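Open the model in your viewer and keep the selection tool ready.

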Amino acid sequence: MIQLEKISKWYNTNGARNFVLKDIHLDIEEGAFLSIMGPSGSGKSTLLNIIGMLDTSDEGNYRFFGESVFDLKEKKRTELYKKNIGYIFQAYHLIDELTVYENIETPLLYQDVKGSERKAMVADMLDRFNMVGKKDLFPSQLSGGQQQLVGIARALIAKPKLLLADEPTGNLNSKQGEEIMELFKKINTEDKITIIQVTHSEKNAAYGDRIIDLLDGRIQQNIQ
Amino acid sequence: MIGNYYKTAYRNLWRNKSYALLNIAGLAIGIAASILIFIVIRFETSFDNFHDKKENIYRIASYSLNNGNGKEFYSGGVAFPVGPALQSGFPQVKKVARILQREGEPVAINISGVERKKFITSIFYVEPDFFSLFNFKWLSGNAQSVLTAPNSAALSKSTAEKYFGNWQNALGKTIIHRNSQNEIYTINGIIEDVPVNTDFPLEVMASYSTLQHSDMKDNLNDWVSTWSEACTFVELDKNASVSAFNKELIALAKKHKPAEYAKDAYMAQPLSAIHYDERFGNYRHHTFSKGLITALELIGIFLLLMACVNFINLATAQAVHRSKEVGVRKVLGSNRWQLAIQFLSETALLTAFSLIAAIGISYLALPFLNTLLETSMQLNILSANFLIFLLLVFISVTFLSGIYPAIILSGFNPIVALKTKITSKMIGGISLRRALVVLQFSISHILVIGMLIVVSQMNYFKNASLGFDKEAIINLPIPDDSASHAKIEFVKQKLLQHKGIKHVSASFASPSSSGNWSSDFKFDHSDKPTIFSANLKWADADYFKTYDLRLIAGRLFHPSDTVREFVVNETTAKLLGYSNPVAILGKEVNLWDGVIKAPIVGVVKDFNSNSLRSPIGSVIIAPQKNYYGVFGVKINAAEEKNVLAFTEKLWNEHFPDHVYAFSFLDQKIAAFYKQEEQLSQLYKIFAAIGIFISCLGLYGLVSFMAAQRTREVGIRKVLGAMPRHIVYLLSKEFSLLIIIAFLVAAPIAYYAMHQWLQNYSYRTPLSFWIFFIAIAGSMVIAWCTVGYRAIKAALANPVKNLRNE
């Protein structure tokens, strides 16, 4: 599904290259649950953003379902992205001015899904996450765990093939964190959605079926 | 999708209420100002545009080169015989109509034989064809039947109601003009009230043929004199060449005028120019120059622009808070275009709110504007023009203020935006906003400096020494009939008996008057008339002490009822080549080819006989009782009330058939500058709006900067900064911006106002103080605006600020 070849990214400081990522090779099968680990500044998030098509590398190739991502036109890439990728953040990043319902609905608006269909899909999702009673609340009225559930629901609404999560439990307590990880596991096994998560926690990483360890922009360890 | 945008927009505005309010208030006031300007301009440009033949109607106007002091002379009127002369030999002229306005005419109505109602009004003497040129509707009668026979008259509907209760009653009734048995006019027709936007304020009309039996009958064949109130209108064939017609008109003037008037000429002035050309004037005595229209349009655009600048400033400042949403939406699949549309529609929403508020403000403000400008303009919200204007304003304001923030906001990189690393530096930066603030303050400085100069010119008008005494002088009218004239001396003596009255003089007009009588004359037995016209001031010998005119050579003339001696002003002596006024004494002045001949016996110091717009011209003074029309009464100001009661009683006793009306000379003179006065009031309002909008913008910007620098302020305070240091930190930049804005604005304002002042012969100096007041004033206002926010930031608890970081 995902092939990264010789991916490097750097910043120039005083003429010297300062590598954020160096020569990353990575193949990810469809249906995988990959955890990316590493200390702060090791390039985890940058790698995730490149996979998520929000960022580009300075060198190397990225194939997504066989398409060379960096060679695609902006419009084409957005299409590919919209259809296949869902994003989850540590800080949830819900839109404060929109209700739970509207937040979950927003990605569908950008994909031109028709009104009636949209309604059904959002209702489905609310049902699945047991949030029907909370659909008219605003993010500020929810707990952190609930907000992250909305974030996940929003990421899943458009039925992506790939779910990217940047420290999804970083702002949650351990119980809430566990629930989220259980949910990820379920999504991965039952819905066959590929998941890539960035995490600091060994325990969370263990939910995945594969772990890569980054240090100073290089893959240190690749545990299958 | 749009629904989602509007929900976000609406909730966002609601959450940032103060920001939204600031934005809407600024925009609404800017838009309201431009709506009002639009209404004024539309009103002023609509004058006489409702006549079907407007394209082909021309007024025959007079002009001449090298009159008096080498200045050109213009008049909207022509000699009376011009009209009939155009009737034959001019195939391109389809119709000719003459009309004469006589203002301040007394008319009386007999009620039940004994009782009388008296009015002062303007009477128009009109040829019937006037109504086939212009579209004024008849309620009863028609022009041909009513305005052909002498002493036949028509009234406007509301005048008829005023005189006779209702207009049907008026038909067949009579009005007595000037209390003369020869001038009893029969009302045979009624016209509908003329619209407010016409320069023909027709109320009382009499047939033109009436003039043949009036005091004007000798003038009807006079080719030399030009009466500015005697206008001649023609309808030209639509294929006629106007320039060819103008050449024929010049030839016509040459053919009929005596050789010494070779420089006098006629021209065809299009109807569409009459309302705008102050040189030729019109019957409403109110012109609205194209320059003024341009100035108002510019002010309107400026104010709108300033409001848009506020919007851009505040919106980009706000952008920091929106960066997260931009990031999220991009991650959720929005492209840049969709986001730009979202932010633009948000701007559209705010603009729409502002537009509604602006309509409300204009609606409330219009009555005040009408009072100020003495107009009766209306805000017709549903008129097509107005709707198109609103739509244009809506679109241009939305785009002008929305496009830049939309481009900036939609361009955020989602990764950076989600980490909320967006700082003001990334938002096109502070430098752009600084430039916008400079632009804003430049505009308001220009408005303020302009306003101060107009106001100081007004004060100059009010306080300038005119060379004669205008304080505590009352003018009383002297009726225009011989019976009344016979009583002049008697009434004068009666007036002088009151202890509150110091001097009384009977004269044709006061030293400075809106009604002037000018003529050239032959000097010192020359066979050619002077190249300039002298202002003829017929007055008795007490004129000089009543108005405190100073003699500089010779003596005053002796009391007399007819001209035996002349007194002239200094300028007359100079124009005739006598730098030493004594040398002119004894020389003869010959008026109207010997009708009046008398020597000059004295020279008075120059005084302003016209408004201060024009330079002092030649004035000659002589006694001629039958021309007297006004008493000048110098009173003891403390006795004003007593004197006024006394004069009214006395006047009504001796002139019972006439309408009593008095006026203070200084007020009459102030009225010369009514248009300037109105303009200065208008400028004051616009300048205030300009400053207000700028300050709103400044306030918003400072709030934003204070919020941005919370951390810096916190750290500085922890390091020991005092509140005053913080206030200084936050306000020094704006002071600099205002100074830069001033440096930009001052030369522009100087140039523009210097040009404007050229309209006046007597003008206030463009003093350093005006500019100083402008900069000092805006500085103080800006400091007050900034101060509140700065002090608030300075007094905030640093620990709290830093913890939030």
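Which residues of E22(B) are buried on one side, and which on the other? Val630(B), Gly632(B) and Lys634(B) are buried on one side. Phe631(B), Val633(B) and Ile635(B) are buried on the other, so both faces are covered. A residue is buried if 20 or more other C-beta atoms lie within 10 Å of its own, with C-beta atoms placed from the backbone.

Before going on, some ground rules. This is a predicted model, in which local features need pLDDT of at least 70 and side-chain atom pairs count only at pLDDT 80 or more, while totals for chains, interfaces and linings use all residues. Residues are numbered from 1 along each chain as its sequence is written, and chains are lettered from A and ligands numbered from 1 in the order in which they are written.

**Stop 1**

Select residues 630-635 of chain B. That is strand E22; strands (E, at least two residues) and helices (H or I, at least four) are DSSP runs, numbered from the N terminus. Six of its six residues are buried, so E22(B) is largely enclosed by the rest of the structure.

Find Ile473(B): its bridge partner in E22(B) is Lys634(B).

**Stop 2: a helix pair**

Select residues 723-757 and 768-795 of chain B, helices H23 and H24. Their axes come within 9 Å and cross at roughly 150°. Axes are lines fitted to C-alpha atoms, for helices over the stretch in contact, and angles run from 0 to 180 degrees between N-to-C directions. That makes H23(B) roughly antiparallel to H24(B), the term for angles over 145 degrees. By class, their contact has 19 nonpolar, four polar and no charged residues.

**Stop 3: the sheet in chain A**

Move to chain A. An open sheet of six strands has the order E6-E7-E8-E3-E9-E10, with mixed pairing. The edge strands are E6 (85-88) and E10 (218-223) of chain A, and each pairs on one side only. From one strand to the next, the twist averages 20°.

Zoom in on E6(A) and E7(A), residues 162-166. They pair in the parallel sense over four bridges. Tyr87(A) stands opposite Leu164(A) in E7(A).

How values were computed. Parallel < 35°, antiparallel > 145°, perpendicular 65-115°, else oblique. Nonpolar A, V, L, I, M, F, W, Y, C, P; charged D, E, K, R; others polar. Pairing = 2+ DSSP bridges. Buried ≥ 20, exposed ≤ 12 C-beta atoms within 10 Å, placed from the backbone.
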